[in-house]
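Biologist: I am new to this structure. Please take a close look at one part of it and then show me what lies beyond.

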Amino acid sequence: MSVPLPPVASDAGNLSAFERDGYAVIRDAITPDLRERLLTAAEKLLASGITQGRDRGGDGKDGFRGCLNLDPTFLPLLTNPAVLPTVVRLLSPNIHLLSAHLIALPSGPPRTIRIPGRHGWHRDMYGVTADLGFAHTPRMAIKAAHYLTPVTPDCGLTMFLPGSHLLTDEPAVPADAIDPPGAITPDITGTDAVLFENRVWHTGGINLSGRPRIALMLQYGYRWLHPVDDPATDLREDPALTPIEQQLLGLPDRLPDGSLAKGSGAAPIRSWWETRP
């Protein structure tokens with residue numbers, strides 16, 4: 001059963017870090033118990049033969065797009081009160097979920113990325129940059145990354161180039177290197193979340209931990225952006241969902257009789273946001 005969100009204020013320190021660096025760490029975003037349940041559900045999915053939304057890569061990665069549609073265990077992350085207020089503050093109430101991406105990065109040197117000349121550094125939604133140009137690419141989406149397997153120095157956490165969301169060209173990576181100068185790996189624990197926007201340059205680290213690094217990344221963006229995942233039509237029909245969950249899962253601008261009601265699909269988060277302290 002879903003519980004309506006309380007009115008929660010976003011953290012000023014996280015907002016400042018995000019504006020400066022293009023990412024921010026949300027401390028203790030989930031409980032250890034929820035993290036364990038998420039890992040169990042993730043490992044079950046990865047061990048299954050399910051092909052819906054399956055996302056495998058040539059570098060040995062495995063995963064799923066649209067994992068909220070595949071297991072309700074992941075649903076509490078959708079409206080996480082430790083994360084959502086910061087996302088809304090940085091974007092607006094006019095948002096929905098673009099993607100819920102489960103990623104399993106194998107242990108061992110990757111086969112096709114993270115080598116000089118093929119370093120893997122990228123922006124999300126790169127097609128926007130290709131169409132509009134580096135200097136004109138806006139902030140359009142924010143990901144909340146949760147790491148479900150043990151967080152160790154060699155587990156291959158996502159790396160970031162602080163401040164690169166403000167660059168007007170690709171960052172320079174030396175010819176004999178795989179990282180641009182200034183790149184860092186955030187210092188986090190397993191219950192923390194990392195929020196980062198579409199323009200910040202990032203890449204997966206090299207996992208040498210001896211086990212897959214399993215991460216769950218929820219991407220929120222403006223409602224005028226098309227989701228990457230398949231529509232959560234069946235999930236959205238669940239009567240236990242709150243209006244905010246329904247909005248994030250794609251509530252349309254419609255009245256009960258099906259007629260158009262412009263902007264109504266964003267009303268749940270807008271109403272909640274207006275009651276915050």
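**A strand and its partners, then a helix**

Modeller: Strand E8 (residues 213-222) pairs with E3 in the antiparallel sense, over 10 bridges. Pairing takes at least two DSSP bridges between two strands. This is a predicted model, in which local features need pLDDT of at least 70 and side-chain atom pairs pLDDT 80 or more, while totals for chains, interfaces and linings use all residues. Numbering starts from 1 along each chain as its sequence is written, and side-chain values use heavy atoms, without hydrogens or water.

Within this pairing, leucine 105 has arginine 213 of E8 as its bridge partner. E3 also meets strand E2 (residues 62-65), again antiparallel, through 4 bridges. There, aspartate 62 is bridged to alanine 104 of E3. Buried means under 20% relative accessible area and exposed over 50%, with partly exposed in between (1.4 Å probe, protein chains only). Strands are DSSP runs of E, at least two residues, and helices are runs of H or I, at least four, numbered from the N terminus.

Now the helix. H1 (residues 12-21) buries Asn14, Leu15, Ala17, Phe18 and Asp21. Down the axis of H1, these fall within an arc of 165°, so they line one face. The arc is taken over directions from the helix axis to the C-beta atoms. Exposed Ala12 and Arg20 sit on the face turned away from the buried side. Just after H1, glycine 22 has a positive phi of about 90°.
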